[in-house]
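Hi everyone, thanks for coming.

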Amino acid sequence: MFTTMKSGPEVVALLQQASDLIGDALDGVHFTLLDDDAALSVMGALEAVGRRVDGGRIWSAADVGMRAEASRGHDSLAWKSGCRTKYELITGITRVSASEAKRRMRLGGIVTGTAAATSGLLGQSVTVRHPAVAEALTAGNLGVDAADVIVAALEQMSSRVAPDDLDRAERALVASATGAITPETEGLPGAGIAFPADLIRAQAHEWGAILDPDGAAPSDERTAATSTVGFGLLKNGLYPLRGGVTPELRGVMNGVFATFISAHATPAFPSAEDQARMEAGELIPGAEEICDDRTGGEKCADILRAVFDKTARDPKTPRMGGAAPTVMVHVNARDLKNGRGVGWIDGVDAPISLKVVQERLCAGGYQQVIIGDNGQVLHLGEKERFFSPAQRRAIAARDGGCVIPGCTIAAAWCEVHHVFPWKFNGPTNIDNGCLLCWYHHHTIDTSGWQIKMVGGRPWIRGPVLFDPGQTWRPAATHRANTPSTDPPWGTAKH
């Protein structure tokens, strides 16, 4: 198959025709008068057109940006056009913001290979750096947001991961973002369903943990120094909170925040005496009062950690779903035995290092969950209407969160659903329970999603809207069920 090379005027004429056709299609459309099916169909069609155009925008921005480089001197397209910089040239033509112009040029430069091109290479072919991303962008199957997430993850791993593994990760992430089924994704949970960019970001974290566990979960010596909390100047009656926290501290904060919000309760605070001592710098809860060289921000981060740790262990802390606000730290048994890999905290995308996992295994106030290679969970089932806290923890260790593909609700916010209805004598045990968020639990009988248990694990079949093929697929399981040293394409269960 041969493609005829089009001239610039031909491309402009064809694009104008396409613009006229889109205008004709949209003229006179009253979106609020469309029925539900038509509204969704129109949205999908518009997005498909937008993705196709966005792919061309990326390539065009990369090309014009290279032509307008200041290093080309008087041959620079910016200089020839009377513009000071390439950004001024591109924003003047496209009317987008400078930040959007930079994003298009950066993404296009990496994907198309023009980032490595010099003035002497203008007009010559260059090696495409991420061919799967480039192809999907060009075809209009991959959105810019998802492409940005994938490229950022690949670039971060590129210097520490073998090229073949990096290619597999790229193809798998692109497949997840476009709904394609490839050898890397066949048989995995959600294969064939296109996921939004936010979920692709979470998958990219998992790939980083599998292919580069040391880079995905940086050493605590490096991250501890940058964990800091501070306040900005008063604005609109509020002091903005600034800083950054480790994944471990994020997990602690998430658990306590979720518990108090769910219980509509007021959190307990330190006593007046302790508060005065803390404000005077004389007391750091949970830490020995010794001289150290920490900054004020680092001390504040430690205080916050100690306050949340104490609150999580306090028996007066409100319960959520029948359980205390426990931080669920998950680690694969083989990873823990080999001393290499990462751990995961429910509700936090970023992994934690094994050093932190081992510390938490010895610390109080943390629920330790160790999962075998096949995700085995000890049976704790009892003939009760409500799942016990121990059963909930076991099911959470298996499912990780709401089992409906694409749902991001963490385990702590989920309810346990009887797959075979309790009212029909369905047992209240682990093999008949799965996690569903409130929305999916309360709409499971009308939404079209179907669930069945196979070998003690939930399988899902989506509604026709999302899965025209009506294929049963294993539900997503907890991230720790896959050893960090094993690629996901080798763990698919058929």
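Let's begin at the hairpin of β9 and β10, where two residues lie between the strands and G455 has a positive phi near 60°. Keep in mind that this is a predicted model. Strand β9, residues 450-454, pairs with β10 in the antiparallel sense, over five bridges. If you look across that pairing, K452 stands opposite W459 of β10. Strand β10 itself covers residues 457-461, and four of its five residues are buried. It also has a partner in β11, residues 473-474: the two run antiparallel and are joined by two bridges. There, I460 has R473 as its bridge partner.

Now over to helix α1, residues 8-26. How far should its 19 residues span? At 1.5 Å a residue the answer is 27 Å, and the end C-alpha atoms are 27 Å apart, so the two agree. Just after α1 comes G28, with a positive phi of about 85°.

Next, R129, which sits in the loop between α5 and α6. Its relative accessibility is 46%, so R129 counts as partly exposed. The R129 side chain makes a polar contact with the side chain of E155, at 2.7 Å. R129 is also 5.3 Å from V111, C-alpha to C-alpha, although 18 residues separate them in sequence.

Last one: E170, in helix α8. E170 is buried yet has no salt bridge, and the nearest side chain of opposite charge, R171, is 6.8 Å away. Leaving out residues up to four places away in sequence, E170 touches H130, P131, A132, V133 and L154.

Note on methods. Residues are numbered from 1 along each chain as its sequence is written. This is a predicted model: local features need pLDDT of at least 70, side-chain atom pairs count only at pLDDT 80 or more; totals for chains, interfaces and linings use all residues. Side-chain values use heavy atoms; hydrogens and water are left out. Buried means under 20% relative accessible area, exposed over 50%, partly exposed in between (1.4 Å probe, protein chains only). A polar contact is a pair of N or O atoms within 3.5 Å; within protein, one must be able to donate a hydrogen and the other to accept it, and residues adjacent in sequence count only if both atoms are side-chain atoms. The expected span of a helix is 1.5 Å times one less than its number of residues. Lys and Arg count as positive and Asp and Glu as negative; His and the chain ends are not counted. A salt bridge is a side-chain nitrogen of Lys or Arg within 4 Å of a carboxyl oxygen of Asp or Glu. Contact means heavy atoms within 4.5 Å. Two strands pair if DSSP finds at least two bridges between them.
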